[in-house]
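Here is a report on one protein model, written for a reader who works with coordinates.

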Amino acid sequence: MRPQALSALVLALLLGCSPGAPPPDGTARPTGAPGTATHRAGPPPDRGEDGAHTTLTARLPIARYSYSDDEYLAITAAELILARDCARRYGVTYDPPQATAVLAPPFADRRYGISSAREAARWGYHLPPQPDPVPDSGLSAAEQLVLYGRRATGDTPRDATHQRLRVPAHGCLGEGVEKLRKPYEFSAGADAASRIATRSFVRSRQDSRVRAALAKWAACMRKNGFSYASPMDPMKNPAFQKSGISRQEKETARSDISCKRGTRLLETWFEAEARAQRTAIARDTARLERLRGLHLAKVREARRIVAAADREAGTDT
């Protein structure tokens, strides 16, 4: 079997949900959009090589209750190994791809609008291109059935079988996800983290310091010839949502970044939201710390699975 044969369906199973909506155990890869859970905790943001704040969302206090990129990769790698072991039960040899080949890079951090001068200069308000899923046209019908289950063709509601064995509803790839997810699910904790991430963004916009910084940003933009009340507004401009990236879009984006720097909007907004999150977290610490404990246990189990598979591969060679 081709080692990197994965469809859009399987990517959805591995990600656990649609973009921006955390699944029950809070494993969704963060996108930096308002209201989503985040990853990587840390101090207030530092400037990157291009002077941009590229990890603002990832440094918010609520990030403590999600996964780092490395942890998420370990979980995905373990899920693929479990899928491989499942496929063996059906006599199918599945050589899973590297987790890095399955997961697309996280989207740019746009919780407070664009924040990277380099991306603004190149992409304007468009998101950087994301790699397409690896095609699965090389899979046989039996392989697709085992890996994807009754959703392989999208029109088989009855239970699927292979070699007289019932195939999991979402196939072995779905089983790999569920087998690692189920023991560590805690929907109450994940819901609490998601609510804090959503409400803190709303409350931060109501902070007097943020409102003042937004007014200064808007005044700076008008001075440069652009009329926008909020950094979110240019991203909604229909002219900037077309397939091409115009000169006007890039000029607007460059001015946007420049005005954010001059008014310290990003720092002010981040600090206001961090304050709101710390207050909310203090009211729900027990539930959130239980969620964190389950996350850490899941990561340990994922790394144990990956290490065992590495030892098995070393023995085989």
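## Conventions

Helices (H or I, at least four residues) and strands (E, at least two) are DSSP runs, numbered from the N terminus. This is a predicted model, in which local features need pLDDT of at least 70, side-chain atom pairs count only at pLDDT 80 or more, and totals for chains, interfaces and linings use all residues. Residues are numbered from 1 along each chain as its sequence is written, and side-chain values use heavy atoms, with hydrogens and water left out.

## A charged residue without a salt bridge

Glu71 lies in helix α2, which spans residues 69-88. Is Glu71 buried or exposed? Glu71 is buried (under 20% relative accessible area; exposed is over 50%, partly exposed in between; 1.4 Å probe, protein chains only). Yet Glu71 has no salt bridge (a side-chain nitrogen of Lys or Arg within 4 Å of a carboxyl oxygen of Asp or Glu).

The nearest side chain of opposite charge belongs to Arg303, 5.0 Å away. For charge, Lys and Arg count as positive and Asp and Glu as negative; His and the chain ends are not counted. Leaving out residues up to four places away in sequence, Glu71 touches Ser66, Leu296, Val299 and Arg303 (contact means heavy atoms within 4.5 Å).

## Confidence

The protein has a mean pLDDT of 81, and 74% of its residues reach 70 or more (pLDDT is the predictor's confidence in each residue, from 0 to 100). Over residues 7-54 the pLDDT is below 50. Beyond near neighbours in sequence, that stretch still has 141 contacts in the model.

## Disulfides

A search of the whole structure finds two disulfides (pairs of cysteine sulfur atoms within 2.5 Å). Counting bonded cysteines along the chain, the pattern is 1-2, 3-4.

The link of Cys86 and Cys172 is left-handed, with -65 degrees about the S-S bond. Cys86 counts as buried because its relative accessibility is 1%. Cys172 is buried too, at 0%.

Cys220 and Cys259 form a disulfide as well, with sulfur atoms 2.0 Å apart. This pair also links distant parts of the chain: Cys220 in helix α8 and Cys259 in helix α10 (residues 247-263), 39 residues apart. The S-S torsion of Cys220 and Cys259 is about -75 degrees, so the disulfide is left-handed. Cys220 is partly exposed, with a relative accessible area of 23%. Cys259 is buried, at 0%.

## Salt bridges

How many salt bridges does the structure hold? The structure holds 16. One of them joins the side chains of Arg84 and Asp85 (2.9 Å, N to O). Arg84 counts as buried because its relative accessibility is 13%. Asp85 is partly exposed, at 32%. Arg84 and Asp85 are linked with Arg88 and Glu312 in a network of salt bridges.

Asp284 and Arg287 also meet in a salt bridge (2.9 Å, N to O). Asp284 counts as buried at 17%, whereas Arg287 counts as partly exposed at 30%. Glu178 and Lys182 form another, at 3.9 Å, N to O. Glu178 is partly exposed, with a relative accessible area of 30%.
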